[in-house]
Amino acid sequence: MSQHIIVWFRQDLRLNDNPALQSALNGKNAVIPVFIDDNDCGRQPGIMGRWWRDKSLAQLNDALKSCGSRLIFRKGRAQDVLPTLAKQVGATAVYWNRQYEADIVARDTAIKSKLKDSGIEAESFNGSLLFEPWEVTSKSTGGPFKVFTPFWRACCALGLKRGLWNVPDKITAPAQWPQSDALPATAPLDHMDSLNIWQPGEDGARDALALFLSENISGYAERRNLPAEPATSRLSPHLRWGEISPARIVAETEAANIKTDDGTKFLSELGWREFSYQLLYHNPELAETCLQNKFEAFPWRNDADAFEAWKRGETGYPIVDAGMRELRRTGYMHNRVRMIAASFLIKHLLIDWREGEKWFWECLVDADPANNSASWQWVAGCGADAAPYFRIFNPMLQGPKFDADGIYTKTYVPELNALSGKTLYAPWTAKSDMLDSVAISLGDTYPNPIVNHEAARARALESFKSL
Ligand SMILES: Cc1cc2nc3c(=O)[nH]c(=O)nc-3n(C[C@H](O)[C@H](O)[C@H](O)COP(=O)(O)OP(=O)(O)OC[C@H]3O[C@@H](n4cnc5c(N)ncnc54)[C@H](O)[C@@H]3O)c2cc1C
């Protein structure tokens, strides 16, 4: 018998390899794809995350149209919208792919029982992870892993590969479509030319993976640390909004016949994403609470001026400033520079990692509820598997080490174009007549350093020791 099935899209804005959609497809079933903008539950995307999401929704709608379907967009509380819509269209089932934030899990569980009470089938699937966060457990404790390496080893032993579904040719439409609100407009940010580097949506995700595997993955194990090179996949915002499944990335990477070191390293980065989701699932307060409790007593400084200088990319440390300006201009920051900039905020300025996490959440196109918080806790040294607190990145050494020619730094800090080598990363060490000759005036054309590195380092070590 023909049925009406609602597929509730959430963070899985794709048609390919989408288990909830796939389960609804069966020639006779009419499928009603819906997205609900629910401001009431879960952490709301920041400005850049929302920009990406809204672009992606438009792409999803187009992709659905080319299969004979369309996206129904509604605003409101999902627990109100979904049962009402189900009743309205006479749905016999509602399918969706799972999310792992505690308040979303609680809401979804309540929706499931509400639907079931009304005689409507409700089922959720794993559409965004290689493994469910409860699936990979430590043999010794029986609980979740606290350290990445054994976690990932256990994942690999279970096998990363699974079957994939392609984009369906056709999605049967209902005889009558329910009403839809207009899809959200993205105009407020569309004037930013620097966002043209991105292609939100499923096609963009597929193209980014193809480009990476055919041209850029060679040497990934080493080159991934060089911010001037196109050496990483740039898949993070696509993964964040589920425009591609990690299973597809695994399958295509394995099929691409890549040098073992590079392929293994790349897949292990997806492993960090899995690990972060496992941490979030088992520690719902990941964005607010240090996983190592003793860090709650840390004497953070309240320094609004320094925080503003960091956000604007005006700390006087060129590699930090380049990263913070890349973030503002493009909604992205290279991973190596994220570590340097985050370390600078936490250790040089002693500003609470949660402040930095919130700023990244606002500004990153890939701002992710698991990856962002877990990474900030890692840099702060308060996470489960954290960098030791005494690892304090020296921005004057990290610059020349990872951006030796200064190409990345000068892209975002062009006022220092005339400098090179170590001086580029510590302009205050240059002779004043040399700076004069290239029209650089510290404190005027480029800021003086807002803290002295050695003093800040000693202060950080002292503060961390106090724990
Ligand atoms: C302070 C800080 C904040 C971060 N915030 C985020 C965030 O909000 N969202 C986010 O996706 N990543 C975050 N990262 C991790 C990492 O910087 C980005 O995933 C990476 O830079 C994305 O670029 P890429 O897709 O080219 O990465 P690639 O090197 O091509 O990696 C492939 C994929 O693996 C995953 N990945 C890579 N590194 C990590 C990592 N350290 N932790 C978890 N997953 C990882 C991402 O999904 C990425 O797309 C953060 C890192 C730091 C240090």
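Tutor: The model is predicted, and in it the ligand sits in the largest pocket. The shell around the ligand holds 27 residues. The closest of these are Tyr-220, Thr-232, Ser-233, Arg-234 and Asn-335.

Two of those residues also show up in the side-chain distances. The side chain of Tyr-220 has an N or O atom 2.5 Å from an oxygen atom of the ligand. For the side chain of Thr-232, the distance from an N or O atom to a ligand oxygen is 2.7 Å. Asn-371 belongs in this list as well, with a polar side-chain atom 3.0 Å from an oxygen atom of the ligand. As for cover, the ligand taken alone exposes 820 Å², and the protein buries 95% of that area.

Next, consider the kinds of residue. The shell around the ligand is made up of 13 nonpolar, eight polar and six charged residues.

Now for where they sit in the chain. Four helices each give at least two residues to the shell: H9 (236–240), H11 (260–282), H14 (335–348) and H16 (371–380). H11 supplies the largest share, with six residues. In terms of domains, at least three shell residues come from domain 2 (129–163 + 202–282), and at least three from domain 3 (293–465).

How values were computed. Residues numbered from 1 in each chain as written. Predicted model: local features only at pLDDT ≥ 70, side-chain atom pairs only at ≥ 80, totals over all residues. Heavy atoms only, no water. Near = heavy atom within 4 Å. Polar contact = N/O pair within 3.5 Å; in protein donor to acceptor, adjacent residues only side chain to side chain. Areas by Shrake-Rupley, 256 points an atom, 1.4 Å probe, with all protein chains shown as cover. 1 Å grid on protein atoms, 1.4 Å probe; cavity = no way out; pocket = protein on both sides within 12 Å on 5 of 7 lines; lining within 4 Å. Sits in = over half its atoms within 2 Å of the grid points. Nonpolar A, V, L, I, M, F, W, Y, C, P; charged D, E, K, R; others polar. Domains from an automatic or database assignment.
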